[in-house]
Amino acid sequence: MKQFYFIGFMFLCFASFSQDVHFSQYQQAPLLLNPASAGFFSGSQRVILNYKNQWTGMQNPYKTMAASIDFPAFVSKEKIGNLGFGLNAYRDIAGDSKFGTTKVNLSVSGIVNIDKLNKISGGLQIGGGQLSADISNLQWGNQFTGTAFNTAIASNEQNSLSSRMYLDLGLGVMYEFSNIQNNFAGRDGIRFSVGVSSFHVNQPSIEFYSFGSERLQRKYVINGTGRFDIPETRVSLVPGAIYLRQGPSSELLTSLCLRIRLTNPSQITTFLRETALTIGAGYRNNDAIIPQFAIDFSDYSFGVSYDLSSPFSTTNYGINGGLEFFIRYTNWKSALFKGKR
């Protein structure tokens, strides 16, 4: 039964609780995790597309689409540091009311190379967002005839609703250690990074005209990821963890994957590029087990995961499932004579 309380419930979920979208393969959406990640990689460009279809047991499940591009710029001749720039956008939509969130963010970071193995970054993000809904497909109390709903009866409700656009600010810092030199053939090493960030620092007001307004609560994120090559093998351990808190809600997600190097890259030219498979799983505390698979081929990566309700889940109520994809292109600096393309 699609009643007015349904859309009221949706407003409550998105405005009052004000929880952000996020991906189970969180490391593949770096600008959603930390503004300091803009340009914080060994390459010249990075483009990522993300898609998630969550709670597939619902008639109209949550669908989230995101895209980002980031790159380093103004690299000093002494390679002491550089700036990083990033642009990301996402659209989240769900339910019969097509209740959705649209956001666009610009990130700027300052990256400092402490030495050849260590570097830090600080970033600032500024963006804008808007919520919207299309209620033309809902059924209302005045359309109920006593035995059924008659949608031919005018509901006297406007077909679409939208919030006023709001300004949103975020900031963060990151640290990375890496002794993996450009992924050259057969070189074992260690790479790990940690970051701390805060979003909605200005606690923007979300206004729905006659529905009133709500403050978007600040979100705090702590995340880390690593790659630890097992000596004399083609296998690496890839652990990761993220903790998020926004208002009264919090989430902890951990993951562990095996990365298997199938071919090594050439050290001198770009004719032979690295290929690798990554297989593993994540666990969202008291919620879901998340099998993951990814393949790296040259500058491209493709990955898929699926949220499976764990035996300890208290949130999914039988509408479990979250299919997720990502496609990433990174112009890696992985050969001595490779330039920007």
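Strands here are DSSP runs of at least two residues, numbered from the N terminus. In this predicted model, strand 12 spans residues 235-246 and has a covered face made up of Ser236, Val238, Gly240, Ile242, Leu244 and Gln246, while Val235, Leu237, Pro239, Ala241, Tyr243 and Arg245 make up the uncovered one. In a regular strand the side chains alternate between the two faces of the sheet.

## Neighbours of strand 12

Strand 11, residues 219-229, runs antiparallel to strand 12 and is joined to it by 9 bridges, with Lys219 standing opposite Gln246 of strand 12. These two strands form a hairpin with 5 residues between them, and in its turn Glu232 has a positive phi of about 65°. Lys219 also lies over the face of Phe199, at 5.0 Å from the ring centre.

Strand 12 also pairs in the antiparallel sense with strand 13, residues 249-263, over 12 bridges, and the bridge partner of Arg245 in strand 13 is Ser250. The hairpin of strand 12 and strand 13 has 2 residues between the strands, and Gly247 takes a positive phi near 60° there.

## From strand 13 to strand 15

Strand 13 is joined in turn to strand 14 by 10 bridges, the two running antiparallel, and Thr254 has Tyr283 in strand 14 as its bridge partner. Strand 14 and strand 15, residues 288-297, likewise run antiparallel and are joined by 10 bridges, with Gly282 bridged to Ile290 in strand 15. The hairpin that strand 14 and strand 15 form has 3 residues between them, and Asn286 in the turn has a positive phi of about 60°.

Thr275 belongs to strand 14, which covers residues 275-284. Because its relative accessible area is 12%, and buried means under 20%, Thr275 counts as buried. The side chain of Thr275 makes a polar contact with the side chain of Thr263, at 2.8 Å. Leaving aside residues up to four places away in sequence, Thr275 touches Ile260, Arg261, Leu262 and Thr263, as well as Asp296, Phe297 and Ser298.

## Aromatic rings

The structure holds 6 aromatic pairs, and ring pairs link Phe71, Phe74 and Phe85 into a cluster. A pair of aromatic rings is described by the distance of the centres and the angle of the planes. Elsewhere, the charged end of Lys119 sits over the ring of Phe40, 4.8 Å from its centre.

Technical notes. Residues numbered from 1 in each chain as written. Predicted model: local features only at pLDDT ≥ 70, side-chain atom pairs only at ≥ 80, totals over all residues. Heavy atoms only, no water. Helix = DSSP H or I, 4+ residues; strand = E, 2+ residues; numbered from the N terminus. Buried < 20%, exposed > 50% of the residue type's maximum accessible area, 1.4 Å probe, protein only. Polar contact = N/O pair within 3.5 Å; in protein donor to acceptor, adjacent residues only side chain to side chain. Contact = heavy atoms within 4.5 Å. Pairing = 2+ DSSP bridges. Phe/Tyr/Trp six-rings, centres within 6.5 Å; stacked < 30°, edge-to-face > 60°. Lys NZ or Arg CZ within 6 Å of the ring centre and 35° of its normal.
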